[in-house]
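Hello,

Here is the structure I promised to pass on to you. Have a look at it first, and then read my notes below.

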Amino acid sequence: MGGGSGEKKPVLRPKRVDVNVEFDSIEQFVNEYVSNISKSGAFIRTRDPWPVGTKLRLRFTIMAQDPEILEGMGEVVRVSDRPRGMGVAFVELAETSQRLIELLLTRRPRSRT
């Protein structure tokens, strides 16, 4: 009967996942969800990080003076237990999102010395 040599192994492909979160302020976004943000990526704190290689469709609504939307594509490049979360490299960002990241970088909380 059916020998094992003819069986196909399942091909595991990284999923594409939507990440759509709303925040009341830029400070809440930076302090509670994202850390180590840069022009090239960010560390996203989460209890359930996606595996390395997962493609993420990112959309964050942040309340500033007007609602701001950070939108683009990212890829999980690192998963961490302490702190719990994942490093995400930005693959593609809308121009408005690039400007929003620059705003976030200039509004980072001052270091606690």
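A word on terms before we start: strands are DSSP runs of E with at least two residues, numbered from the N terminus. Please also keep in mind that this is a predicted model.

Let's begin with the overall layout. The protein chain holds 2 helices and 6 strands, and from the N terminus on their order is β-α-β-β-β-β-β-α. Of the 113 residues in the chain, 34% are buried. If you take the contacts between residues at least 6 apart in sequence, 58% of them join residues at least 24 apart. The chain exposes about 8,300 Å², with carbon and sulfur atoms supplying 47% of that area.

Next, the strands. Which strands pair with β6? Strand β5 (residues 67-81) pairs with β6 in the antiparallel sense over 9 bridges, and a hairpin through 2 residues joins β5 to β6. To find this pairing on screen, look for Met 73, whose bridge partner in β6 is Glu 92. Strand β3 (residues 41-45) also runs antiparallel to β6 (residues 84-93), joined to it by 5 bridges. There, Ala 42 stands opposite Val 88 of β6.

Is Thr 61 buried or exposed? Its relative accessibility is 13%, and the cut-off for buried is under 20%, so Thr 61 counts as buried. Beyond its neighbours within four places in sequence, Thr 61 is in contact with Val 21, Glu 22, Phe 23, Pro 67, Glu 68 and Ile 69.

Happy exploring!

Note on methods: Residues numbered from 1 in each chain as written. Predicted model: local features only at pLDDT ≥ 70, side-chain atom pairs only at ≥ 80, totals over all residues. Heavy atoms only, no water. Buried < 20%, exposed > 50% of the residue type's maximum accessible area, 1.4 Å probe, protein only. Contact = heavy atoms within 4.5 Å. Pairing = 2+ DSSP bridges. Helix = DSSP H or I, 4+ residues; strand = E, 2+ residues; numbered from the N terminus. Areas by Shrake-Rupley, 256 points an atom, 1.4 Å probe, with all protein chains shown as cover.
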